[in-house]
Amino acid sequence: PGTVSVTLRVNGESHAIQIDPRATLLDTLRETIHLTGTKKGCDHGQCGACTVHVNGRRINSCLALAAMQQNAEITTIEGLGGPGKLHPMQDAFVEHDGFQCGYCTSGQIMSAVAMVKEPWGKTDGDVREAMSGNICRCGAYPNIVAAVQAVRR
Ligand code: FES
């Protein structure tokens, strides 16, 4: 199959790349741009491990075609904090032990950072609903909710 030229803006940097037009944003981030902080769990939009921000909104990058993201501002977990500095949501996950194995964590954190700017209610149940697209097979949910609530307060 042929390739297409696309320029992706990721964490403030432009990447002019040649990709298969069928390549997902997830695979392109990991395999072409070599940003492997974004994880592949299901590759079918069901687990949230691949969550990134596109123009400030959270999406499952396994469901997006990279070739459609020209001119979009993409943020991955690598771009969240400052130089040598964690984002407050990352600090909160550390403080509240919001993970066990860590595989879902970058997706959880990307989702949480976007979620706190969305018009959700304030209860723990609201956080669980808002974060229900991010699955944690270790069951760290109580601590994830505590971390998200710590940032929201
Ligand atoms: Fe994208 Fe599971 S890898 S939702």
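This report walks through the fold, the domains, the core and a few single residues of a predicted model.

**Overall fold**

The protein holds five helices and five strands. Read from the N terminus, the order is β-β-α-β-β-β-α-α-α-α. The radius of gyration is 15 Å, close to the 15 Å that the globule rule gives for 153 residues, so the protein is as compact as a globular protein of that length. The C-alpha trace spans about 50 × 30 × 30 Å along its principal axes. Of the 153 residues, 39% are buried.

**Two domains**

The domain assignment gives domain 1 (4–79) and domain 2 (88–152). Their centres, taken over C-alpha atoms, are separated by 21 Å. Domain 1 brings 14 residues to the contact, and domain 2 brings 11 residues. On the domain 1 side, β3 (51–54) and β4 (57–60) each supply at least two residues. Strand β3 gives the most to that side, with three residues. By class, the side of domain 1 that touches domain 2 has five nonpolar, six polar and three charged residues.

**The nonpolar core**

The largest nonpolar core has 38 residues, and I109, A112, M131, I144 and V148 touch the most other members. Several elements each supply at least two residues of this core: β1 (4–10), α1 (25–32), α2, α3, α4 (124–130) and α5. Helix α3 gives the largest share, five residues. Where does this core lie relative to domain 1 and domain 2? Both domains give residues to the core, so it lies between them.

M131 shows how some of these members meet. Not counting residues up to four places away in sequence, M131 touches S111, A112, M115, I144 and V148. A112, I144 and V148 are also among the core members that touch the most others.

**Helix α3**

Helix α3 (105–115) is mostly covered, with 10 of its 11 residues buried. The buried set is T105, S106, G107, Q108, I109, M110, S111, A112, V113 and M115. The cover includes β3, β4, α2, α4 and α5. Two of those elements, β3 and β4, also supply residues to the side of domain 1 that touches domain 2.

**Helix α2**

Helix α2 covers residues 88–95, and M89, Q90, A92 and F93 are buried there. Why do these residues share one side of α2? They cover an arc of only 160° around the axis, which puts them on the same side of the helix. An α-helix has 3.6 residues a turn, so residues three or four places apart point the same way. On the other side of α2, V94 and E95 are exposed. The buried residues of α2 pack against α3 and α5 (141–152). Just after the helix, D97 takes a positive phi of about 60°.

**Single residues off the core**

D43 and N71 both have a positive phi although neither is a glycine. D43 sits in the loop between α1 and β3. N71 lies in the loop between β4 and β5 (73–75).

D126 belongs to helix α4. D126 is partly exposed, with 15 other C-beta atoms within 10 Å. Which residues does D126 contact, leaving aside its neighbours within four places in sequence? The contacts are with W120 and G121. D126 and V145 are 19 residues apart along the chain, and their C-alpha atoms are separated by 9.6 Å.

Key. Residues are numbered from 1 along each chain as its sequence is written. This is a predicted model: local features need pLDDT of at least 70, side-chain atom pairs count only at pLDDT 80 or more; totals for chains, interfaces and linings use all residues. Helices (H or I, at least four residues) and strands (E, at least two) are DSSP runs, numbered from the N terminus. The radius of gyration is taken over C-alpha atoms; the globule rule is 2.2 Å times the number of residues to the power 0.38. A residue is buried if 20 or more other C-beta atoms lie within 10 Å of its own, exposed if 12 or fewer, and partly exposed in between; C-beta atoms are placed from the backbone. Domain bounds come from an automatic or database domain assignment. Two residues are in contact if their C-beta atoms, placed from the backbone, lie within 7 Å. Ala, Val, Leu, Ile, Met, Phe, Trp, Tyr, Cys and Pro count as nonpolar, Asp, Glu, Lys and Arg as charged, and the others, Gly among them, as polar. The arc is that of the directions from the helix axis to the C-beta atoms. A nonpolar core is a set of buried Ala, Val, Leu, Ile, Met, Phe, Trp, Tyr and Cys residues joined through C-beta atoms within 7 Å.
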